[in-house]
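Good morning, colleagues. Please have the sequence and the structure in view while I go through a few selected sites.

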Amino acid sequence: MAVKEENKEKGIISAINGPVIKGKNMTTFKMREMVTVGEQRLIGEVIVLEGDVGTIQVYEETEGLKTGEEITPTGRPLSLKLGPGMLKNMFDGIQRPLEKIQEISPIFIPEGIGLLSIDDKKLWPAVMTVKPGDLLLAGSIFGTVEETQVIQNRLLVPPNVSGTVIDVVPDGSYTIEDVLVTIRDAKNELHELKMAHEWPVRTPRPNAYRRETLVPLITGQRVIDIFFPIAKGGTAAIPGGFGTGKTMTQHQLAKWSDADIIVYIGCGERGNEMTEVIEDFPKLIDPRSGKSIMERTVLIANTSNMPVAAREASIYTGVTIAEYYRDMGYAVAMMADSTSRWAEALREISGRLEEMPAEEGYPAYLPSRIAEFYERAGSIETLGGDDGSITIIGAVSPAGGDFSEPVTENTKRFVNVFLALDKSLAYARHYPAINWLESYSGYIKILSDWYEDNVAEDCISLRNKMLELMYEENKLQEMVMLVGEDVLPDDQRWVLEIAKIIKVGYLQQNAYNKDDTYVPLEKQYAMLKAIEYLYDRGREGLKLGVPTSRLKNIDIFSQFIKMKYTIPNDDLSGIDKLKDEIDQYFDVLFKKYEN
Amino acid sequence: MKKEYLQIDKVVGPLIQISDVDDVFYGEVVDIVEISTGNIKKGKVIKIEEKNVIIQVFQNTADLAAGNSIIKFTGQAFNLPMSLDLQGRIFNGIGEPIDNGSDIFSLVEANINGRPINPMSREYPRNFIQTGISSIDTLATLIRGQKLPIFSGNGLPHNELAAQIVRQARLGDNVDEEFGVVFAAIGVKHDDEKFFRKSFDEANVMDRVVMFVNYADDPIAERITTPRCALTAAEYLAFEKHMHILVVMTDITSYCEALREISSAREEVPSRKGYPGYMYSDLASLYERAGMLKDQVGSITFLPILTMPNDDITHPIPDLTGYITEGQIVLGRDLFQRSIYPPVAILPSLSRLMKDGVGEGFTRGDHAEVANQLFASYSKVQEVRDLSQIIGEEDLSSTDKKYMAFGRAFEAKFLNQGFDESRNIIQSLDLGWKLLALLPLTELDRLSPENIDKYFPKEA
Ligand SMILES: Nc1ncnc2c1ncn2[C@@H]1O[C@H](COP(=O)(O)OP(=O)(O)O)[C@@H](O)[C@H]1O
Ligand SMILES: [Mg+2]
């Protein structure tokens with residue numbers, strides 16, 4: 001499909017500086033308008049207009065451009081085509097399908113391929129749910145298409161039109177460009193509704209109202225679900241130096257979260273990581289749907305070697321797609337790996353515009369851009385009256401691994417869950433390397449009812465108790481580093497022993513192990529409960545004067561360390577047996593110390 | 001016919017500015033001809049502002065002045081001729097032969113900037129390359145098609161390590177898959193370049209090596225093109241001639257310093273330590289050229305070497321590199337000072353691709369567990385050493401004393417190995433088990449009972 005170019009006056013390229021170009025004769029252009037640039041028709045967006053001079057960021061490689069070549073307006077802002085055909089596919093930063101690009105050029109991504117979008121030839125079997133005379137409000141549903149094996153695409157009236165149905169096609173197979181419904185609005189104007197409609201990426205899609213987020217996003221990852229839960233519709237950041245596990249964590253969340261839809265943005269990261277997703281996701285079965293997790297996934301890839309301006313756009317492309325599925329009434333989870341690359345793209349463009357830099361060369365508007373982005377998360381009622389949500393989980397890549405840099409600091413201000421990845425844990429191969437002392441979740445309070453009703457009455461108090469034990473262990477470790485472990489009193493050594501079980505047996509979770517990669521909440525709770533049991537029974541012994549060395553039964557301890565592997569996810573009876581073993585051992589042991 | 005220009009308005013470092021120019025394109029290559037001698041320098045358009053053009057010159061600009069040179073726009077992007085004849089040849093940083101051999105003639109030309117590989121076209125790398133070095137093979141496994149840098153420091157034996165890898169690594173699956181080496185020297189001393197040339201000779205691979213050399217006393221703008229020329233040759237050999245190519249590149253630090261110098265000549269807003277804000281994307285445009293393609297033979301395995309200023313891994317050069325590459329092999333000065341070769345600091349080292357390339361069918365079923373256990377135990381050794389500094393080794397608990405012994409043996413026997421010594425992966429894994437046996441079984445919590453049964457050394 002060629003880009004629709006307006007028959008308006010054209011601009012003339014007057015300056016070229018990497019991805020930023022300037023043009024003259026641009027008085028009739030609009031701010032944020034999408035344009036095509038030069039003979040190759042590169043895609044760009046107007047970002048500054050001053051008099052008749054416009055500045056454009058170009059989403060493709062600009063080598064080969066000349067001054068004097070034309071800039072052509074398209075009459076609309078950078079927009080996406082939202083319709084069926086996005087799930088199971090991978091797009092570049094401005095929604096061009098990488099599979100189609102591959103058909104044009106088998107290995108490398110060329111420039112000047114124009115504005116491709118979702119497939120407009122494919123026939124989708126549509127079921128129409130309205131009839132002539134029905135009143136259709138903005139954002140309501142007029143039909144359905146089975147987009148994949150697990151996701152039904154609910155055909156939405158665009159958020160900016162409404163009216164009375166005057167014509168509907170019969171159920172049948174149509175392309176996204178076919179007119180399915182015609183409506184007449186209050187001003188007597190006719191509107192044609194198709195499967196797909198366009199929406200500008202930089203404008204949040206409207207909703208009826210925001211509501212509180214009361215349900216956790218269940219991820220199957222113990223340290224997250226039990227210790228630092230993320231609410232559906234909430235925001236989380238995963239900061240960490242290179243190699244600490246940001247991408248692995250994001251992949252784990254994309255694979256196992258109980259969201260309906262996953263939008264995964266590879267923003268300025270490795271090509272191979274996107275390839276890995278394409279190769280692995282189709283083979284992984286979603287424990288809830290029984291189908292491949294790819295069936296619910298949309299991928300956006302602007303790898304680190306792709307044009308930097310499209311990196312800036314990729315985040316907005318992703319969140320706009322997320323909003324589209326949210327508006328159908330789905331719970332969407334979006335991962336952006338890494339938001340730092342997006343911020344750096346902002347910085348690079350800003351530098352080329354010779355704007356006054358604030359901290360570390362970042363533009364002064366960095367905090368407001370970060371805030372705007374995370375504000376597109378939320379739990380809402382859709383215009384059509386359904387529940388929908390977007391959870392945003394952003395990776396942050398701090399320069400030098402130092403969290404006191406502008407992107408991490410500003411992100412921290414606007415997210416509610418902070419999963420701090422720790423280099424020394426990663427060096428010791430403690431994965432996920434989420435530091436339990438530095439991380440936090442602001443959702444514990446509002447989610448505690450849910451945990452009490454759905455997991456166990458004492459789930460949150462158990463969590464708090466165990467977290468306190470870990471804080472205590474941290475203080476004790478500092479002492480151990482000064483005097484050695486042997487001089488500590490027995491009750492403190494017992495804390496150290498239990499903390500070790502929590503670290504190795506509980507917090508460490510092996511993403512490569514087929515059972516441990518995803519663990520149901522019941523098992524997460526039962527495991528921690530068993531550790532508490534061991535801890536408490538041991539303390540009984542301490543009161544009787546049993547030394548820690550006797551409490552630490554090698555066999556029981558090694559069963560605790562390995563219970564994540566040995567106790568099947570769907571049969572927790574082993575945990576009760578383990579408790580029995582503790583009782584048998586301790587009962588005999590304690591007898592010797594009683595009286 | 002392209003116009004020629006005589007007027008140079010300004011020379012700033014490697015950049016020249018000329019005015020009143022028409023009809024040039026961004027990235028166009030220019031020839032700068034010195035009138036008196038006819039010598040030609042090459043440059044490239046890096047900014048166009050109305051009729052003013054900034055050109056980055058790849059050779060020395062000191063003798064350039066208004067009137068003494070003619071600037072000719074060639075109408076070409078920076079292309080290099082590509083042919084199998086590149087092999088066995090030596091070029092400078094802009095791809096001109098410097099070995100007295102003939103020019104390369106070919107109808108195939110490639111733009112040295114390359115283009116991003118479509119992630120849909122990539123194949124995720126999964127094939128183990130045995131380097132014969134225990135620390136790397138066991139703990140930071142090199143995978144064919146991986147980009148795995150060596151983070152080193154001044155005076156550390158990174159060149160020896162790279163040479164040993166070139167000599168010992170087997171890249172192809174079988175005899176009929178061709179392999180080759182592309183070597184790029186960026187701002188290196190003549191001695192270093194000689195060392196590599198000699199080691200290629202000794203490994204008997206010289207006729208399979210393509211060399212691009214920019215010496216420390218060569219112009220810095222040429223450092224920007226050196227790696228690009230090398231990777232363009234690598235892409236040609238790997239993706240069009242279906243060879244398995246190992247790219248060795250040293251020193252990325254010189255490359256980044258050149259980038260910084262040019263950026264400052266362009267008066268750009270600097271980010272950390274004066275390096276330009278786009279250094280991440282720029283480095284990515286090099287590193288991401290490694291990889292493999294779906295359904296075809298051929299691969300680029302990329303071993304860049306960089307020296308960390310002040311051995312600081314958080315310095316922007318190693319930092320941004322580590323964010324792009326698929327792991328890193330970090331060399332440690334304290335190991336080096338204790339005469340351990342190769343001084344691989346295993347804890348900060350990482351191979352992100354090893355997860356899919358080791359284990360049953362690739363190396364051996366116990367590989368992942370052994371690696372995990374060695375990491376965990378050696379990381380505990382560091383804690384115990386810190387403690388023993390304070391309370392003395394004699395006062396350590398008996399378990400901690402075993403950790404001390406394990407740490408010493410691990411460094412002396414596992415990390416340490418000869419420059420000419422190649423150990424296969426089975427030998428390395430067995431050695432790992434033998435050393436782990438120095439620790440009480442209860443400390444080995446990363447090993448499964450099955451593997452302990454199968455591999456734990458039985459007491460004699
Ligand atoms: N949960 C995990 N389980 C097992 N290994 C992990 C886990 N998280 C991280 N790793 C290891 O750490 C490496 C680096 O992780 P990655 O997510 O790529 O880091 P980052 O994105 O922060 O640079 C991975 O290749 C893997 O070996
Ligand atoms: Mg990552």
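Let me begin with a definition: patches are made of residues with over 30% relative accessible area and no salt bridge, with like charges joined within 9 Å and nonpolar side chains (Val, Leu, Ile, Met, Phe, Trp, Tyr) joined within 5 Å. A salt bridge is a side-chain nitrogen of Lys or Arg within 4 Å of a carboxyl oxygen of Asp or Glu. Accessible areas come from the Shrake-Rupley method with a 1.4 Å probe, and for residues only the protein chains shown count as cover.

As to provenance, this is a predicted model, in which local features need pLDDT of at least 70 and side-chain atom pairs count only at pLDDT 80 or more, while totals for chains, interfaces and linings use all residues. Residues are numbered from 1 along each chain as its sequence is written, chains are lettered from A and ligands numbered from 1 in the order in which they are written, and side-chain values use heavy atoms, leaving out hydrogens and water.

Which residues make the nonpolar surface patch of about 460 Å²? They are Met479(A), Leu482(A), Val483(A), Val487(A) and Ile390(B). Helix 11 of chain A (residues 459-483) gives the largest share, 3 residues; helices here are DSSP runs of H or I of at least four residues, strands are E runs of at least two, and both are numbered from the N terminus. Val483(A) lies in helix 11 and is partly exposed, at 43% relative accessibility; buried means under 20%, exposed over 50%, and partly exposed in between (1.4 Å probe, protein chains only).

Two further helices deserve attention. Just after it, Gly392(B) has a positive phi of about 90°. In chain A, helix 13 (residues 521-544) has 24 residues and reaches 35 Å from first C-alpha to last, close to the expected 34 Å.

Finally, is Glu295(A) buried or exposed? Glu295(A) is buried, because its relative accessible area is 7%. Glu295(A) sits in the loop between helix 4 (271-280) and strand 21 (297-302) of chain A. Its side chain reaches the backbone nitrogen of Gln149(A) at 2.8 Å.

Definitions and conventions. Polar contact = N/O pair within 3.5 Å; in protein donor to acceptor, adjacent residues only side chain to side chain. Expected span 1.5 Å × (residues − 1).
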